[in-house]
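Take a look at the chain below.

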Amino acid sequence: MNPADQWPDGPAAPTLADREVHVWRARLDPPEQAARRYADLLDPEERRRAGRCQLPVQRARFVAAHGALRTVLARYTGRAPADLRLHRTARGRPRLTPAPHPTVLDFNLSHSGELALIAVTRTGTVGVDLEEVRADLDHRAMAARFLGPAEARLIAGLPPAAGRHAFFARWTWREAYAKAADVPVPRRLGTGAPGPLPITVDLWKLSNLPLDKGYCATVAASESCAPPLRWTLT
């Protein structure tokens with residue numbers, strides 16, 4: 001089965017139970033009408049951030065990602081997407097304000113290339129990271145700089161394509177964990193070269209998300225949560 005086929009169309013009014021994690025996949029090249037609709041949803045701060053994107057394609061994808069985030073959150077909160085108020089922590093983690101009633105809704109966004117992922121839970125905090133596997137980066141040098149020694153050695157010993165994928169996969173592990181814990185991205189996760197997923201780091205369980213060829217993605221959620229449900233935003 002194509003990994004992308006494992007992301008069916010998501011419900012218009014999803015029910016998020018305790019200890020559940022939902023992850024939504026959104027394409028960042030929507031039709032022109034949808035792109036305009038997303039742009040109309042953003043608040044002034046999001047528009048300013050979009051305006052700082054130097055390339056038109058980066059700007060369009062930023063707008064689509066944040067419009068998709070508001071669209072998904074509206075399905076859980078019952079609020080209009082444009083009426084949602086967001087603030088960011090000191091490390092840039094987005095949150096809803098005021099918090100939805102009756103329980104807090106935690107969420108996270110990641111986008112890279114032509115895709116975005118939005119993770120949502122009511123149990124603890126959640127982090128998600130998505131990376132396009134880029135052939136223009138020296139993955140061995142990146143691994144030596146940003147990963148632990150055992151993982152760097154593992155990646156250095158792999159053929160180029162496999163090593164590149166292994167580096168980006170392990171980078172998403174760290175980013176997802178750091179976003180869930182709201183801490184700096186760690187060089188090491190525990191000891192040695194952990195893997196494959198799922199693995200548990202501190203209070204969070206890291207799970208792989210199967211995606212289109214050329215991407216790696218990880219979601220980090222409370223270790224008490226069930227495996228994530230995956231949907232596509234349409």
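This is a predicted model: local features need pLDDT of at least 70, side-chain atom pairs count only at pLDDT 80 or more; totals for chains, interfaces and linings use all residues.

**Glu 20**
- Glu 20 sits in the segment before β1, which spans 21-27.
- Its relative accessibility is 24%, so Glu 20 counts as partly exposed; buried would need a value under 20%.
- The side chain of Glu 20 comes to 3.1 Å from the backbone nitrogen of Ala 17.
- Glu 20 and Val 120 are 100 residues apart along the chain, yet 8.5 Å separates their C-alpha atoms.
- Beyond four places in sequence, Glu 20 touches Thr 15, Val 120, Thr 121, Arg 122, Thr 123 and Leu 229.

**Glu 46**
- Glu 46 belongs to helix α2, residues 44-51.
- Glu 46 counts as buried because its relative accessibility is 4%, and the cut-off is under 20%.
- Leaving out residues up to four places away in sequence, Glu 46 touches Phe 62, His 66, Arg 70 and Leu 86.

**Nonpolar cores**
- The largest nonpolar core holds 28 residues, and Tyr 76, Ile 118 and Val 120 have the most contacts inside it.
- Two or more residues come from each of β1, α1 (32-41), α3 (56-77), β4 (106-112) and β5 (115-121).
- The top contributor is α3, with nine residues.
- Contacts of Val 120 beyond four places in sequence include Glu 20, Val 72, Tyr 76 and Phe 107.
- Another core lies apart from the largest one; its 22 residues include Ala 152, Ala 169, Ala 181 and Val 201.
- In soluble globular proteins, nonpolar side chains tend to be buried together.

Technical notes. Residues are numbered from 1 along each chain as its sequence is written. Side-chain values use heavy atoms; hydrogens and water are left out. Helices (H or I, at least four residues) and strands (E, at least two) are DSSP runs, numbered from the N terminus. Buried means under 20% relative accessible area, exposed over 50%, partly exposed in between (1.4 Å probe, protein chains only). Contact means heavy atoms within 4.5 Å. A polar contact is a pair of N or O atoms within 3.5 Å; within protein, one must be able to donate a hydrogen and the other to accept it, and residues adjacent in sequence count only if both atoms are side-chain atoms. A nonpolar core is a set of buried Ala, Val, Leu, Ile, Met, Phe, Trp, Tyr and Cys residues joined through side-chain atoms within 4.5 Å.
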